[in-house]
Amino acid sequence: MDRMQGSQHVSVASPPDLPAGIPVSSPVAPEMAVGALGVRGLRLALLSLPMSAGSSELIDEMRHLEELKSAVSARQARAAVALDLAQRAGQAHAGVPDSKCDTGVAAQVALARRESPNKGSRLFGLAKTLVMEMPRTMAALESGQINEWRATLLVKETACLSVEDRAAVDEELAPDSGTFDGAGDKAIIAAAKAAAYRRDPRSVAQRASHAATERTVSLRPAPDTMTYLTALLPVAQGVAVYAALNRTADSMRSSGDARTRGQVMADTLIERVTGTPGGVSGINLNLVMTDRALFQGDSEPARLEGYGIVPSEWARALLVEDQCGSEDQPQPDQEPTDRSGFAVLLRRLYTAPGSGELLTMDSKARFFPQQLRRFIRIRDHTCRTPYCDAPIRHIDHVIPWHSEGSTNLHNGAGLCEACNHTKENPGWSAKSMPGDVHTIRVSTPTGHSYKSKAPPLPGHKSTRLRN
């Protein structure tokens, strides 16, 4: 049976029917659920329970369901650790070096839980810590006294400690004894930080010092053709930047500037970072839209590389408003325009009628040519591993070159760096599937397979994939 989330699919077996003699509407005893039904049957049994009628009973049900969610999270953690041990044993038997025996386990956890590889790695690390180093936190999760997120907070705040000190903090806080009943996230973080500092103040201080090396700037889409520009900075520098923008806003507002405080701060940030009054001197955009949307006012949305879906009206305005040319000479497949004081170079991209695929390219070289790389990057938009939406860093073969994979659009895929390395591990494979829209099937060492379909381009109506 295929299930679909967004543009990605996972193949799973159909769940078994409930055992004979158990009415669909009747509750199932826990011991029967575990023994006779199994995990999938337990889910079906839960769905078959009648909904409570009274308000008090509904509140109780939500409370019990929350405890059940915590118990399921704990079970998933134990399953992840068991998978790791099983994979290590199998790979060691096959002669894989110890240092590489757990490679790819986190990626399999991510696929099974329908999460990105990055989050799968965090969940796998959480599982190992809870099962192996923090038994009382694990017991609290299993009993429903804390949820998975709060267990994550406790693990995160003790990450700098040795195994012995972490176990001591786990015993001191004793989450399974009701220590955190009624406590919110901030209270739990504060308690864990204080306990960690009492155990090993030097490690906590070193962790704070090391945090400055993780400073970075990131960009992610926001609604209505906006973006979030986020900077992770040491506290002193972050406060200084914000204070400087505040002072400028106060000065401009007191001089009669009609913009809001937030608008002044945003505009000032852009101007000071880029060094130009308009903020941008020039930008190269890859905009995909239908001819109907461009010339006939059709409402089919367009897609802007690096951002995502944008309204067709906004895309038309970007193309046609305030055109005044550009000092840069455009390439044959590009057309210049100017908007809001900065030059925009737009590349026209064409899709095949009916299928909606970008027109194909081919190459006999081992490495993808620049034009073909650009094509694949625009088609795939983000990493093609199922459930991963990280930015594309590598353009590589679906079927590897050393396995006689061709260098063409059909056998190319955009991947983040981590996923591109993961697919090279023993037991992993991938292949392109036939169909109107580019589709990849990824297979893992356990024999499970997952489908990833390229996001639909403007003008193409997506259809459900079938095995």
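## A guided tour of the predicted model

Begin by selecting Trp 401, which counts as partly exposed because its relative accessibility is 34%. The model in view is predicted. Trp 401 sits in the loop that links strand E11 (394-397) to E12.

Next, show the side chain of Asn 408: one of its polar atoms lies 2.7 Å from the backbone nitrogen of Asn 411. Asn 408 belongs to strand E12 (residues 407-408). Is Asn 408 buried or exposed? Its relative accessibility is 17%, and it therefore counts as buried, the cut-off for that class being under 20%.

**The hairpin of E14 and E15**

Select residues 429-433 and 439-443 together. These are strands E14 and E15, which run antiparallel and are joined by five bridges. To inspect the pairing, pick Ala 430, which stands opposite Val 442 of E15. Then move to the turn: the two strands form a hairpin with five residues between them. Within that turn, Gly 435 adopts a positive phi of about 150°.

Turn now to residues 105-112, helix H3. How many of the eight residues of H3 are buried? Seven are, and the helix is mostly covered. The buried residues are Val 105, Ala 106, Ala 107, Gln 108, Val 109, Ala 110 and Leu 111. To see what they pack against, display helix H2 (55-93), helix H4 (117-132), helix H15 (417-422) and strand E16 (449-453).

Continue past the end of H3 to Arg 114, in the loop between H3 and H4. Arg 114 counts as partly exposed because its relative accessibility is 29%.

A second stop of this kind is His 381, located in the loop between helix H14 (370-380) and E11. His 381 is not a glycine, yet its phi is positive, at about 70°. With a relative accessible area of 23%, His 381 is therefore partly exposed.

**The nonpolar patch**

Which helix supplies the largest share of the patch? That helix is H2, with three residues. For a closer look, pick Leu 68, which is found in H2. Leu 68 counts as partly exposed because its relative accessibility is 36%.

**The whole protein**

The protein contains 15 helices and 16 strands. Of its 467 residues, 36% are buried. Among contacts with a separation of 6 or more, 52% are between residues 24 or more positions apart. With the surface shown, the protein exposes about 26,900 Å², of which carbon and sulfur atoms supply 56%.

Methods
Residues numbered from 1 in each chain as written. Predicted model: local features only at pLDDT ≥ 70, side-chain atom pairs only at ≥ 80, totals over all residues. Heavy atoms only, no water. Buried < 20%, exposed > 50% of the residue type's maximum accessible area, 1.4 Å probe, protein only. Helix = DSSP H or I, 4+ residues; strand = E, 2+ residues; numbered from the N terminus. Contact = heavy atoms within 4.5 Å. Pairing = 2+ DSSP bridges. Polar contact = N/O pair within 3.5 Å; in protein donor to acceptor, adjacent residues only side chain to side chain. Areas by Shrake-Rupley, 256 points an atom, 1.4 Å probe, with all protein chains shown as cover.
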